[in-house]
Amino acid sequence: MSVSIVGVGLHPFGRFDISGREMGLVAARAALADAGLSWDEVDFAAGGSRDGGHADSLVSDLGLTGVPFVSVYNGCGTAGSAVHTCVQAIEAGTAEVALAVGFDKHARGAFASSAAEYGLPDWYAADGMMVTTQFFALKIQRYLHDHDLDPMLLAEIAALALRNGSITPHAWRRRAMPADEIAAATMVNDPLTSFMFCSPSEGGAAIVLTSTERARQMSARSIELRALAFRTRRFGTFEVFSPWLAPDIAAGATVDAALAAFETAGIGPEDIDVAQLQDTEAGAALMHLAECGFCPAGEQDRLIRSGALAIDGTLPVNTDGGLIANGEPIGASGLRQIVECVLQLQGRAGDRQVPGEPRTAFTQVYGAPGISVCSVLAR
Amino acid sequence: MSDVVASGLIVDLDGEERLMGARCERCATHAFPLQATCPRCGAPMSAVALAAAGTLWSWTVQRLEPKPPYRGPHPFEPFAVGYVDLGVVRVESRLEGKPLSEWQIGDPVRLAAGPANEAGEIWSYRFVSGAGRGPE
């Protein structure tokens with residue numbers, strides 16, 4: 001690929017008194033300022049939000065320049081889709097400078113989902129089976145069984161996220177918590193307790209992209225987007241809102257997207273210096289380590305207990321606390337991961353800076369109804 | 001709230017209640033509940049009665065009340081839920097007949113009728129602890 005990131009911006013994640021749109025504006029303006037560009041120099045934009053307003057309506061605040069602005073929605077992959085749309089426009093030569101922005105503002109508690117919107121019968125939701133947290137629990141319960149993994153690993157990986165969140169200024173949950181306390185917290189869906197889940201939250205994130213050629217002229221610190229791969233599920237995967245599963249479980253969309261991203265980038269998981277993975281809950285974090293290729297399935301205990309995933313480890317993961325510490329404003333979440341990787345690669349991550357001047361980074365989002373977007377970044 | 005009716009969900013086969021699933025006429029993939037076209041190959045599917053019993057493939061406990069349109073007792077009562085391996089397909093179901101935290105992967109379970117609406121029509125199903133006639 002020949003696309004680079006020249007600016008990043010965030011609105012903090014958490015709960016705030018301003019609208020979702022306003023958080024998107026804060027992030028977009030911050031990314032433009034970081035790039036040293038003005039809105040009228042942007043000739044393509046894409047953005048998304050589930051509950052925070054129409055992304056394309058940001059033009060009425062940023063400026064009515066006539067710029068093409070595509071609004072996207074792909075569940076937890078919304079931000080990834082916005083970036084994907086921008087990358088395609090730049091690679092196709094139809095855009096020179098593109099803005100990808102995401103923001104959201106969700107009600108408290110698990111998302112309420114309509115059965116009809118997913119093509120499911122009414123009884124499925126009425127009988128209490130259309131619940132996202134329930135799906136995560138059913139999936140990790142079987143995974144722990146199949147791979148003979150200690151359920152305590154769920155508390156340990158959540159503790160890593162909260163520890164990183166405690167030193168991240170924009171994170172929502174800022175209190176580190178020992179694994180024992182996480183394991184003993186209120187059980188939500190066995191084996192997952194309340195502090196093992198991310199919660200729907202609020203926030204905004206944005207990046208400015210341009211061709212790598214132009215990026216190198218603009219800034220010495222631009223970060224190359226070496227690969228961005230977007231995949232939907234294939235037959236037989238284990239997804240949310242499934243009244244039935246096939247007898248043979250197929251590898252999920254993350255496996256396909258991660259493989260494709262590494263192939264395009266020409267490097268492998270062993271070459272990655274810092275990674276941001278979709279930890280919607282602790283089980284997802286555990287499974288995604290293997291699905292992205294960072295260890296064989298069932299060997300996550302070695303990565304977690306050796307300290308490899310800590311900020312000073314060999315594979316720092318979710319250095320800003322991930323979704324567990326930041327919550328999940330759906331439109332912004334995947335962009336937050338990319339922003340964090342850019343800051344880490346540029347040496348601008350403050351107290352949570354990965355030592356040793358990391359050169360490569362990886363991001364992964366995964367969401368309903370079985371989509372994944374993975375990226376590889378490098379300086 | 002309007003009644004939730006799930007016509008064709010449960011069929012009576014030789015005096016035994018069975019869930020109605022779907023079988024692809026081309027690639028033999030099974031699905032649940034009945035759907036018109038195959039999720040694997042797109043060919044038409046026809047109705048097929050699934051096994052009346054199987055084994056528990058995964059489980060959890062729903063300890064917080066689901067948001068509407070959840071329709072359960074007030075106040076909320078936590079319930080177990082899991083996937084039941086019926087051979088050709090794994091079906092998600094509420095589980096009954098055991099203390100909530102005592103379910104284990106591999107437990108034998110069999111189909112039972114679920115709740116009825118005001119008109120007396122059964123609109124969902126349960127799997128309950130115990131052996132039954134499983135997949136052939």
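What pattern does chain B follow, read along the sequence? Select chain B and trace it: the pattern is β-β-β-β-β-β-β-β-β. Chain B has 0 helices and 9 strands (DSSP runs numbered from the N terminus: helices are H or I with at least four residues, strands are E with at least two).

The model is predicted: local features need pLDDT of at least 70, side-chain atom pairs count only at pLDDT 80 or more, and totals for chains, interfaces and linings use all residues. Residues are numbered from 1 along each chain as its sequence is written; chains are lettered from A and ligands numbered from 1 in the order in which they are written.

Stay on chain B. Its C-alpha atoms fill a box of roughly 45 × 35 × 30 Å along the principal axes. Of its 136 residues, 35% count as buried (20 or more other C-beta atoms within 10 Å; exposed is 12 or fewer, partly exposed in between; C-beta atoms are placed from the backbone).

Now go to chain A and select Val240(A). It sits in the loop between strand S8 (223–232) and strand S9 (244–245). Val240(A) is buried, with 23 other C-beta atoms within 10 Å. Leaving out residues up to four places away in sequence, Val240(A) touches Thr132(A), Phe135(A), Ala368(A) and Pro369(A) (contact means C-beta atoms, placed from the backbone, within 7 Å).

Last stop: Cys86(A). Beyond residues up to four places away in sequence, it touches Phe44(A), Ala46(A), Ala98(A), Ala100(A) and Leu209(A).

How values were computed: Two residues are in contact if their C-beta atoms, placed from the backbone, lie within 7 Å.
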